[in-house]
Amino acid sequence: MKQLKYAIVGLGMTRMGHNPKHSGRAYESEAVRLAIEDAGLKKEDIDGCIHAKMEAGGQSLQNWTDGFPRVLGIPTHFYFHIGRGGAMGALAISTACGFLEMGIAKYIAIGYGTDAWARSHVPGRRGGGER
């Protein structure tokens, strides 16, 4: 049997739904913090970060310059953006495996967060929310 080389060692999820008081960056940062904690790691263990972002569909694009690593104080060696609609998760994982295979990092955090649903359902705005 072939031995596997890589594993997802932590998962972090935040509250979902209507919460206009939190930004997508805040959701993403909290999810990554929870994933690092779940993995039993420290932020100093993370050497690479990947920001998975939505690039297709109807939401406005969010471009953050090293968002969650800066917010969390992760001393990352690289910060990589990847996005492709619904495929962003799989692409981020396969990209992380490539960085691990090349020896660029030992632990990579992948983050994604959005507030698009909350922004699109603001009461009184055209096309969203209760009136």
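**Close-up views of a predicted model**

**View 1. The buried residues of helix 1.** In helix 1, the buried residues are Gly24, Tyr27, Glu28, Ser29, Ala31, Val32, Ala35 and Ile36. Please keep in mind as you look around that this is a predicted model. The cover over these buried residues includes strand 1 (48-52), helix 2 (67-72) and strand 3 (108-111). Helix 1 itself runs through residues 24-38, 15 residues in all. From its first C-alpha to its last, helix 1 reaches 21 Å, close to the 21 Å expected at 1.5 Å a residue.

**View 2. Phe68 and Tyr79, an edge-to-face pair.** The model has 3 aromatic pairs. One of them joins Phe68 and Tyr79, with 6.0 Å centre to centre and 75 degrees between the planes, an edge-to-face arrangement. Phe68 belongs to helix 2 and Tyr79 to strand 2 (residues 78-82), so this pair ties together parts that are 11 residues apart in sequence. Is Phe68 buried or exposed? Its relative accessibility is 0%, so Phe68 counts as buried.

View 3. Phe80 sits in strand 2 and Phe99 in helix 3 (residues 88-101), so the pair links distant parts of the chain, 19 residues apart. The two partners can be told apart by their accessibility: Phe80 is partly exposed at 32% relative accessibility, whereas Phe99 is buried, with a relative accessible area of 13%. Look for Phe78 here too, as Phe78, Phe80 and Phe99 form one aromatic cluster.

**View 4. A nonpolar patch on the surface.** Which residues form this nonpolar patch? They are Ile8, Ile93 and Ile110, and together they have about 270 Å² of accessible area. Ile93 has a relative accessible area of 39% and is partly exposed, because partly exposed covers values between the 20% limit for buried and the 50% limit for exposed.

Notes
Residues are numbered from 1 along each chain as its sequence is written. This is a predicted model: local features need pLDDT of at least 70, side-chain atom pairs count only at pLDDT 80 or more; totals for chains, interfaces and linings use all residues. Side-chain values use heavy atoms; hydrogens and water are left out. Helices (H or I, at least four residues) and strands (E, at least two) are DSSP runs, numbered from the N terminus. The expected span of a helix is 1.5 Å times one less than its number of residues. Buried means under 20% relative accessible area, exposed over 50%, partly exposed in between (1.4 Å probe, protein chains only). Contact means heavy atoms within 4.5 Å. Rings of Phe, Tyr and Trp (its six-membered ring) pair if their centres lie within 6.5 Å; planes under 30 degrees apart count as stacked, over 60 as edge-to-face and the rest as tilted. Patches are made of residues with over 30% relative accessible area and no salt bridge: like charges are joined within 9 Å, nonpolar side chains (Val, Leu, Ile, Met, Phe, Trp, Tyr) within 5 Å. Accessible areas come from the Shrake-Rupley method with a 1.4 Å probe; for residues, only the protein chains shown count as cover. A salt bridge is a side-chain nitrogen of Lys or Arg within 4 Å of a carboxyl oxygen of Asp or Glu.
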